[in-house]
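Dear colleague,

Please find below the structure that I am handing over to you. My findings follow after it.

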Amino acid sequence: MIVTTIEKPGADAIERARRIAEELDCACVRRERHTLRGLARRRKDAADGVLVVGPDSLKLATEDGPPLFFHPSMALVRVKRLRDGEPDAMIRAAGAADGDTVLDCTAGLGSDALVFSYAVGPEGNVTALEASRVLHAIVREGMRTYESGLPDIDGAMRRIHHVRSDHAEYLRGLPDRSVDIVYFDPMFSKPVLASASLLPLRSVAEGAPLAPETVEEAKRVARKSVVLKEHRDGSEFERLGFERIRMTAHSVAYGVIRI
């Protein structure tokens, strides 16, 4: 992968590109007048894509799929429903409340972390773990700059603490009963093929199945609940010892272990 800028970058975008390339340990290449495809063809190290940096944007372009960038997408709809007093299946499954601390072990595009952050409020805390370096950077930077036009939702985005880490390793380093809720949303064992928004995510996200030993660590760390999101027809709840408590109309179910 290489890092470049938008076509006419200002000094801020150039400095941001340099900083992100250093973080990701890859080359920062001048855009000049090259198209992204032309730039990728000129560089052997662009086989995994071109990360395009603007003053307030970050987008991964690849040859074989749509670009990957941060957008709150359905999380924005879900948070707006919470604002209107409507329930959210994930929040109810977790038992999340004002002031809770949440560890999202598989942040992905950050949608569930945003919903949790809004639900637990300014006195709560959400830490979003992501093992993929590029996905971590895209979501972290996107949540720092995205403007929804709603200050309380933007505040919920800004409050999330983003950490690049393998979740199993991170959990092992936490004290007993140190967070209220531990949440997992790994790649579904049965993919939701109709979800076009998840196609670019699958190319960069870590896809290993959740290990039983990791669930045991989560049970040690959590004070209230451990929650797993899975395809409604998947078998992970039974394999990992979660009680299936909620099935939505959109191929998604939640399982919970109460502490």
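Y183 is buried, as its relative accessible area is 0%. Please note that the model is a predicted one.

Y183 belongs to an aromatic pair with F116, in which the ring centres are 5.2 Å apart and the planes stand at 70°, an edge-to-face arrangement.

How many aromatic pairs does a search of the whole structure find? There are two. In the other one, the rings of F70 and Y146 have centres 6.0 Å apart, and their planes meet at 85°; because an angle over 60 degrees counts as edge-to-face, this pair is edge-to-face. This pair also links distant parts of the chain, 76 residues apart. F70 lies in the loop between β5 (68-69) and α3 (74-83), while Y146 lies in the loop between α6 (133-145) and α7 (151-159). F70 counts as buried, at 9% relative accessibility.

Helix α6 deserves a separate note. From its first C-alpha to its last, this helix of 13 residues reaches 19 Å, close to the expected 18 Å. Is α6 mostly covered or mostly uncovered? It is mostly covered, with 10 of its 13 residues buried. Among the buried residues of α6 are V134, L135, I138 and V139, as well as H136, R140 and E141.

Yours sincerely

Note on methods: Residues are numbered from 1 along each chain as its sequence is written. This is a predicted model: local features need pLDDT of at least 70, side-chain atom pairs count only at pLDDT 80 or more; totals for chains, interfaces and linings use all residues. Side-chain values use heavy atoms; hydrogens and water are left out. Rings of Phe, Tyr and Trp (its six-membered ring) pair if their centres lie within 6.5 Å; planes under 30 degrees apart count as stacked, over 60 as edge-to-face and the rest as tilted. Helices (H or I, at least four residues) and strands (E, at least two) are DSSP runs, numbered from the N terminus. Buried means under 20% relative accessible area, exposed over 50%, partly exposed in between (1.4 Å probe, protein chains only). The expected span of a helix is 1.5 Å times one less than its number of residues.
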